[in-house]
Amino acid sequence: MLSISIALYDLFCVGLYNVSSPAEGMFWQRFQFASLDLFSIFLLWFAYHITERKVKVPYLVFGSLAALLFVLVLTVQGELTFSLAHPLPRRVQLWGIVDVTYNEVEPGLLCTLQYVIMMAGFIWILARLIIHYRKGHRIVRPVMISVSYTHL
């Protein structure tokens, strides 16, 4: 499920990179944020299972908040999520070979809240993995490395 959520995010990036206006970009950007919520939920489930399910409440809290934000990001219109009043077109050029312009809009309060909750959840996961590792469960080492690297 983690791989599927990232594949969806990548697909929505392709959509965003191929639009010609912020209005079209906002459509794809909304789905990018939703796929990041899915990634957060699936990563929480994975970490919960790999750490032997000893501490349940934080996983439920972070997972529930991510699920709520998933629904809100997809359904709420206007300034709280994305608004055409604040376009943020970006241009990436690499050595004169690649020239990509993508038409984003500024994320609103709900999207910012999503990022904060995702980062707090990732920090919680990393802390749980470190505790699990220190207790002698060496199998979590590759997961710790990948979670740390992914979110730097």
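The structure is a predicted model, in which local features need pLDDT of at least 70 and side-chain atom pairs count only at pLDDT 80 or more, while totals for chains, interfaces and linings use all residues. Residues are numbered from 1 along each chain as its sequence is written, and side-chain values use heavy atoms, with hydrogens and water left out.

The protein holds 5 helices and 2 strands, these being DSSP runs numbered from the N terminus (helices H or I, at least four residues; strands E, at least two). Along the sequence they follow the pattern α-α-α-β-β-α-α. Of the 152 residues, 39% are buried, where buried means under 20% relative accessible area, exposed over 50%, and partly exposed in between, with a 1.4 Å probe and protein chains only. Among contacts (heavy atoms within 4.5 Å) between residues at least 6 apart in sequence, 65% join residues at least 24 apart.

Helix H1 (residues 2-17) packs against H2 at an angle of about 165°, with their axes 8 Å apart; the axes are lines fitted to C-alpha atoms over the stretch in contact, and angles run from 0 to 180 degrees between N-to-C directions. H1 is therefore roughly antiparallel to H2, since angles over 145 degrees count as roughly antiparallel, under 35 as roughly parallel, 65 to 115 as roughly perpendicular and the rest as oblique. Residues of H1 including Leu2, Tyr9 and Phe12 take part in the meeting of the two helices, as do Trp28, Phe39 and Phe46, among others, from H2.

Leaving out residues up to four places away in sequence, serine 40 touches Ala66, Met118 and Phe122. With neighbours within four places likewise set aside, serine 83 is in contact with Met26, Gly78, Val105 and Glu106. The side chain of serine 83 also makes a polar contact with the side chain of glutamate 79 at 2.9 Å, and a polar atom of the serine 83 side chain lies 3.1 Å from the backbone nitrogen of alanine 85. A polar contact here is a pair of N or O atoms within 3.5 Å; within protein, one must be able to donate a hydrogen and the other to accept it, and residues adjacent in sequence count only if both atoms are side-chain atoms.
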